[in-house]
Amino acid sequence: MKLASLRAGRDGALVVVSRDLQRFLTAEMTLQQALDDWPAQAPVLAALSQQVNEGAGSPFVESDCASPLPRAYQWADGSAYVNHVELVRRARGAEMPESFWSDPLMYQGGSDSFLGPRDPIVMDDVAWGIDFEGEVAVITGDVPMGASVAQAAGAIRLLMLVNDVSLRNLIPAELGKGFGFFQSKPSSAFSPVCVTPDELGPAWDGGRLHLPLSIHFNDALFGQANAGVDMTFDFPTLIAHAAKTRPLAAGTIIGSGTVSNKGSDGSPGEPVSAGGLGYSCIAELRMIETLRDGQPSTAFMQFGDRVRIEMADANGAGIFGRIEQQVVARSHS
């Protein structure tokens, strides 16, 4: 089934969306309430899903949506694509420890103010180095402390897309303090729709989603890396990592990190303009430009710039709807 939260109060109004993203039926609960009592509520939602897929319901408008979880108990973002980690660390002159290939990176992001899929990215200063990061995320049920990878796999309830906004020029000084991200990681945005794993068919193997993530920057194709390729740590591994020393509450969101593919020859990959799969963030392209030309030539996002993030199934039909955002200056009036 496919679920979304229409804008209503702090936690939205849960709706069940048709497979073609054209209609919805109201579920009379919030997504968090459904996740808190999933064994009882999932059959109720499944019945609504059958009805809406048979033609019932009202027209679904993606711009009416908040994030599927407008706020969450926890948002932890991994960095499962080590190719991305290596490139962005090189961009700021940092070596990558060998342990990054065996021990996942993860940071705890802010989860109290998620952006809706059409909300603007509001910033004070483009000098902060505003960047988009296209990712996949899962929403879990309750996960016990010390959960095995198999237990973690069984806790995956829903999948969705993410724009994990980063302020690249604030990151080096902040990480240099030795205490992690905070100001350099503003509110993230999520796709209009989240889906149960069964909606993905063979593209979902239980741990990785094997479909291209399409990124457009100012209407030009910027990236189409396959989310199932070069993902060093799958979602069950990331969830188990997060639960090593504490339980995870139902409604926890775990991100994949920026989707990133190497080139067919093992190189960091080529831009779309050069026939490659491109990138899911500007920082990777800037690193490639630096390696090739000695300095980057692509600027980070400026006021007025737009990003679009989406994913289609094997038949070309959209799965999650679109994240579509523009950078705007914060009003001080």
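## Pairing of strand E1

In this predicted model, strand E1 (residues 2-6) pairs with strand E13 (residues 194-195) in the antiparallel sense, over 2 bridges. Within this pairing, Lys2 stands opposite Val195 in E13.

Strand E1 also has strand E2 (residues 13-17) as a partner; the two run antiparallel and are joined by 5 bridges. Here Lys2 stands opposite Val17 in E2. E1 and E2 together form a hairpin, with 6 residues between the two strands. In the turn of this hairpin, Gly9 has a positive phi of about 60°.

## Burial of strand E1

Strand E1 is largely enclosed by the rest of the structure, because 5 of its 5 residues are buried. A residue counts as buried when its relative accessible area is under 20%.

Both faces of E1 are covered. Lys2, Ala4 and Leu6 are buried on one side, while Leu3 and Ser5 are buried on the other.

## Helix H7

Helix H7 comprises 12 residues (residues 282-293). At 1.5 Å a residue, H7 should span 16 Å, and this agrees with its end C-alpha atoms, which are 16 Å apart.

The buried residues of H7 are Ile282, Ala283, Glu284 and Leu285, together with Met287, Ile288 and Glu289. Just after the helix, Gly294 takes a positive phi of about 90°.

Notes. Residues are numbered from 1 along each chain as its sequence is written. This is a predicted model: local features need pLDDT of at least 70, side-chain atom pairs count only at pLDDT 80 or more; totals for chains, interfaces and linings use all residues. Side-chain values use heavy atoms; hydrogens and water are left out. Buried means under 20% relative accessible area, exposed over 50%, partly exposed in between (1.4 Å probe, protein chains only). Helices (H or I, at least four residues) and strands (E, at least two) are DSSP runs, numbered from the N terminus. Two strands pair if DSSP finds at least two bridges between them. The expected span of a helix is 1.5 Å times one less than its number of residues.
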